[in-house]
Amino acid sequence: MITLDSCLIIGAALFTLGFLAVLTKRNAISVLMGVELILNAANINFVAFGFFRSYEIHGVLIALFVIVIAVSEAAVALAIVLNIYRNMRTVNLDEVDSLKK
Amino acid sequence: MTLLYLAIIIWLLPLLTFIIQIFFGNRLPRKGDWVVVGAMFIDLALALVIFGNVIYKYNPDFRAVLQFDWISLGGQDFPLGFVLDNVTAVMLVVVTLVSALIFLYSIGYMKGDPLYSRYFAYLSFFAFSMLGVVLFENLFGIYICWELVGLSSYLLIGFWFEKDSASDAGKKAFITNRVGDFGMFLGMLIVFSALGTFSLEGIKNGVESGQLSGTLLTAAGILFFMGAVGKSAQFPLHVWLPDAMEGPTPVSALIHAATMVAAGVYLIVRIVFMLTPVSTVVIAYIGGFTAFFAATIALTQNDIKRILAYSTVSQLGYMMLALGTGSYAAGLFHLMTHAFFKALLFLGSGSIIYAMHHALHAVNNDADPQNINNMGGLRRKMKVTFWTYLVATLAISGVPFTSGFISKDAILAGTLSFAGRYPQHFLLPFFGFAAAGITAFYMFRLVFKTFFGEFKISEAREHIHESGKIMTVPLVGFAVFCFFAFYTAGNNSISLSSPGEGWFYDLIKPPEQTAMTAAEMPFSEEIYEQEELPAEPGASHSYAIFLSLLIVGAGIVVSYRTYISKTISAETWAAMYPRLYRGMYNKWYIDEFYHATVIKLIFVWSALCRWFDNVIIDGIVNGSARITVIFSWFEGKFDNIVIDGIVNGIANATQILGWFTRQFQTGRIQNYLVGFLIGIFVIIIFRMM
Amino acid sequence: MGFLTLITFIPLVGAAIITFLPKGKIALIKKVSVAATGLTLLLTIIMLLRFDRTMPGINKEGQFQFVEHHKWIEVFNIDYFMGVDGLSFPMILLTALLCFLCVFASWNIDRAQKGYFALFLLLETGMIGTFCSLDFFLFYIFWEVMLLPMYFLIGIWGGPRREYAAIKFFLYTLFGSLLMLLSMLAFYFTNEPHTFNMLTIMQNSITYTRTFQYWVYIALFIGFAIKVPIFPFHTWLPDAHVEAPTPISVILAAILLKMGTYGLLRISYPMLPDAANYFAYGLAILGLINILYGAFAAMAQTDLKKLVAYSSISHMGYVLLGMSVFTSAGINGAVLQMFNHGTITAMLFLIVGVIYDRAHHREISGFGGLGSQMPIYTGITSFAFFASFGLPGLSGFISEAMVFIGAFPVYKYITVFAVSGVIITAGYFLWTLQRIFLGKLQDKYKTLPEISGMEIFTLAPLMIIILFVGVYPMPVLNLMRASLNYLIEVVHP
């Protein structure tokens, strides 16, 4: 039977995986994918809490909203990555440290 | 008054010829000597006109004064003025006559000199200044001309300036005179600060009314005398006159025998009303001592001009002695007679030197043409010179029927009567008579050594010639004035021995009132018992004649036996008193004394001043600069190390900190996220605790 | 525009024109300088003809002549206020004359002529302006304007040690100026309403307390004493004189030294009468020290120019002595001595320049016997030397005698010693004359050329003035006597 706990555990695992991907991946695209995982971990949590606790539609709505945001974020982020690549001929984030300067 | 204007023309004429001569002299025919000499003879003629007028008037109180404004400051005024009285008239004749004859003589003596025209320019300038001294009624004016006389003397002594001895002598003369002038100027300051005038008339009134009296008056009198001491070469400022013989001989005759040196005597005559008993005694002693002292030096000298120079000093001492003992007219009288016979002696010597110089030059002998030991027997070669020289020698020795006899006798009689009144001053007649004897001795020594015996440098004997007419005529002219008759002619008679009845004493009256009557003089009461000095000697006259004849005769006889009949040996005497002889021969070491004391002191002191300036003051200035530099160096160090150290230290610390923190800023978002994660963990851990 | 503005600024205009001329046109530069100084001199002479000799000036505006009085910086009550009286006018006359002559004496300046003449003209503006100013602030500005050109003229065109000399001169005088600035401000703030007007400051002199007077007097005195120069502030002078080129030595000795005594008479005396009386004795002693010390130090010199420089110190002592007594003869003598020393010492420095141009050294002992080689030069030099040691008939004597006559009734002993200085002065001048001109001529000088026409042209006017004033000083005394007698009334009633 699906309980709140199991949903939260999946969400947490997904978040951890996503976070690990963000932290460890050198490739910008992979990092973006990690970000997507984190966002979806959040979505699972929203939906789970909405379903098991409030019996209302709010959680699902926010999840939908997050999905829309995530799409547009991904579009912007990909555009940035594309620009970075165009400027620096790399998407390796170790080499993209112009913030330091 | 017209006469006075005439006198001013006499004064200005030489100035005019001086200007002509200095600017155009070389371009004029004969280099302009005729301008100067001619002007001087015009001067002489004018002076004789004045003199004739004065004699004709025969008024002892004759006096014409011309005052005019000179400097006016609103409150204080300094007018100048000219005066013409009997003294001036006599002096004008003396100065112009002597000058005219000597100018004439110079044409011959200076022939061929490269600076011929300048010589005459200087001569005119001298005449101008000397006449100014005579004519000014005003001490300020007298002082101006007095200094100008000194200047012309300087220029003429140093005329042959390529000789070091000549330029030294000129400088010495000027500076020694300046020492005297310093005193005279102080005297003027005293007089002016008390009376507010430089006019002699005004000063006389002031002294008579007692506005200037006591110690201050005495001081003023002595200070004026100091000026006279300088100009008339009295001890202790006599040192310049013998050296002044470096100048051309006519100059020695004109300036350093007849006129300029007499200016001192003339000055005292002018200010005689200012003399207090103390100052007259000072004058008398200095004069008497100088007369004696200079005569002793003249005894042993060998340079013909130096002997005469010392004899001049000695004779000027006589004049001062006369003024100091109250024989006012006698002093002036001796000034006049001395001017003629001493000028004659110098011109005669000039004639000898000229002949000697040419003779020695002809045989290429470089012996000293002025040394009397090189001469002898000139009597036969130079007849005119010899006879005129002899006349002058007789006059200066005081042999009867000569002018010198009358004037010197008057002075000696004066001293004798003075000592008769004040026996404590017995030294004064002693000085006078002793000097008279010595004078007779050395003057005849001079004559015997030059004109008698055999010429010492035999090879040059043939070349000795009498000088030309232009030089002998003045000699004869002066010789004429060595006889008594010119001086003692009076209204009714001509006296053989005494000037008392002559025109001179009638014209030149002693001042009636003098400062000597001032009773408040501290020791006038003791010495003078409030008694007036005798105006003129009277009673002691006959003693004086007797005594002086005796002494002069003795002098001449001893001289004859020493140098002609050789029965007395001068060498033996010299050997008997070696110290005395050496002292006389070396002029009593006065020059050496001055060199070792005054002059040395001045040089040391001036070197000290220079040292002080360069080392101490500049040392302080430069030292303060250096201290500033050192201080600023330290300050710079402080700045660099301490202050900059602090500033830089802070900067460095910041930098290190920045470096440290920068290490966290990798620019990689992932690193930041790690930090963020760690932060969250930390927060969580804290929350849980 | 009034006369004073014209004479002050015509040289400045000349200097400005010169700066726009190309460097190479030396002849044109010289012509402009001659024109500027000549025009100034001409205007000064016209002023002389119009000068009213009876108006005293000193502290009354109505008694000044050629007055120009305009507001300038109203916030601080600073006026453009110029005027002359008998104290300043002889000095202006002297300045205009000497600047004109010195342009000709500068004919042989061999480098950077453009800068030289421009600075020279600027210097003239400073000097004339100082003498004309009646506003303290204006006075101070001109005073400083003088300083800078002088620094460069010594420091660039001077002799081997020019930099040392220039910096010494500059620091000394700057120190003096600083004290003057302080005193000026002290006056400014003491007066109500605040003012820089000298005449107002003088008229209020009665209100100043004694302590104030003493302190301000001392401060001003040091400032002026450096300029005079008074012992012991004098050591800049020999260095500056020796290193400066000839015309600049002339200006320095003849005019800049007078600034000090002029300042004392113009500023210290009427503004601080109590202090002037209080310190008079000290001033007399300083004068005596200057006379004797300068004379003795001069005697020991081996460099002819240095000797002349020290003789200046000695001669300025007479001015101080004359100023220290409030008698007519004393002060008139002192100002006449300022004028005479200006002409005489100018001659002396020009003369030194002549021989230096020919022999390229100034060691007295290195000469000898020049009298037979250069008779005219010898004559002129003797004339100047005689004038300098106070030979009667030449101007120096008149002023010295007047100073002594004026000083003697007040300070007997000081005067006696001061008179003795005359002997020393005669001594070292005659000795120098002997060492340079008399004796045997050395072979190496057998080719020295006689003094040139241009040099005589610079010396002759001075000789004429010296002789004329020596024989008849009244024309000069007339200019100053009303003012100076009134000055005595103001200071020492």
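Modeller: This is a predicted model. The contact between chain A and chain B takes eleven residues from chain A and ten residues from chain B.

Colleague: Which part of chain A gives the most to the side that touches chain B?

Modeller: First the area: chain A and chain B bury about 950 Å² between them. Of that, 62% is on carbon and sulfur atoms. On the side of chain A that touches chain B, helix 1 (residues 4–24) of chain A gives the most, with three residues.

Colleague: How many salt bridges across the interface of chain A and chain B?

Modeller: The rule finds zero salt bridges there, across the interface of chain A and chain B.

Colleague: Which chains have the most contacts between them?

Modeller: Chains B and C, among the two pairs of chains that touch. Chain A and chain C do not touch.

Colleague: How far apart are the nearest C-alpha atoms of chain A and chain C?

Modeller: They are 53 Å apart.

Colleague: Okay, another pair. What does B:Glu147 meet in a salt bridge?

Modeller: B:Arg178, with the side chains 2.8 Å apart, N to O. B:Glu147 lies in helix 5 (residues 139–157) of chain B and B:Arg178 in helix 6 (residues 164–195) of chain B, so this pair ties together parts that are 31 residues apart in sequence.

Colleague: And are those two buried or exposed?

Modeller: B:Glu147 counts as buried, at 1% relative accessibility. B:Arg178 is buried as well, with a relative accessible area of 2%.

Colleague: What about chain C? Which residue forms a salt bridge with C:Lys168?

Modeller: That is C:Asp239, and the closest N and O atoms are 2.7 Å apart. C:Lys168 lies in helix 6 (residues 162–190) of chain C and C:Asp239 in helix 9 (residues 236–243) of chain C, so the pair ties together parts that are 71 residues apart in sequence. C:Lys168 counts as buried at 5% relative accessibility. C:Asp239 is buried, with a relative accessible area of 6%.

Colleague: Which residues do salt bridges with shared partners join into one network?

Modeller: B:Arg63, B:Asp85, B:Glu137, B:Glu201 and B:Arg270.

Colleague: Last topic, the surface. Which residues form a nonpolar patch?

Modeller: Among them are B:Val674, B:Phe676, B:Ile678, B:Phe681 and B:Met689. Together, the patch residues have about 1100 Å² of accessible area.

Colleague: Where is B:Val674, and is B:Val674 buried or partly exposed?

Modeller: B:Val674 is in helix 27 (residues 669–688) of chain B. At 35% relative accessibility, B:Val674 counts as partly exposed.

Definitions and conventions:
Residues are numbered from 1 along each chain as its sequence is written. Chains are lettered from A and ligands numbered from 1 in the order in which they are written. This is a predicted model: local features need pLDDT of at least 70, side-chain atom pairs count only at pLDDT 80 or more; totals for chains, interfaces and linings use all residues. Side-chain values use heavy atoms; hydrogens and water are left out. Patches are made of residues with over 30% relative accessible area and no salt bridge: like charges are joined within 9 Å, nonpolar side chains (Val, Leu, Ile, Met, Phe, Trp, Tyr) within 5 Å. Accessible areas come from the Shrake-Rupley method with a 1.4 Å probe; for residues, only the protein chains shown count as cover. A salt bridge is a side-chain nitrogen of Lys or Arg within 4 Å of a carboxyl oxygen of Asp or Glu. Helices (H or I, at least four residues) and strands (E, at least two) are DSSP runs, numbered from the N terminus. Buried means under 20% relative accessible area, exposed over 50%, partly exposed in between (1.4 Å probe, protein chains only). Contact means heavy atoms within 4.5 Å. Buried area is the accessible area (1.4 Å probe) that two parts lose on being put together, summed over both.
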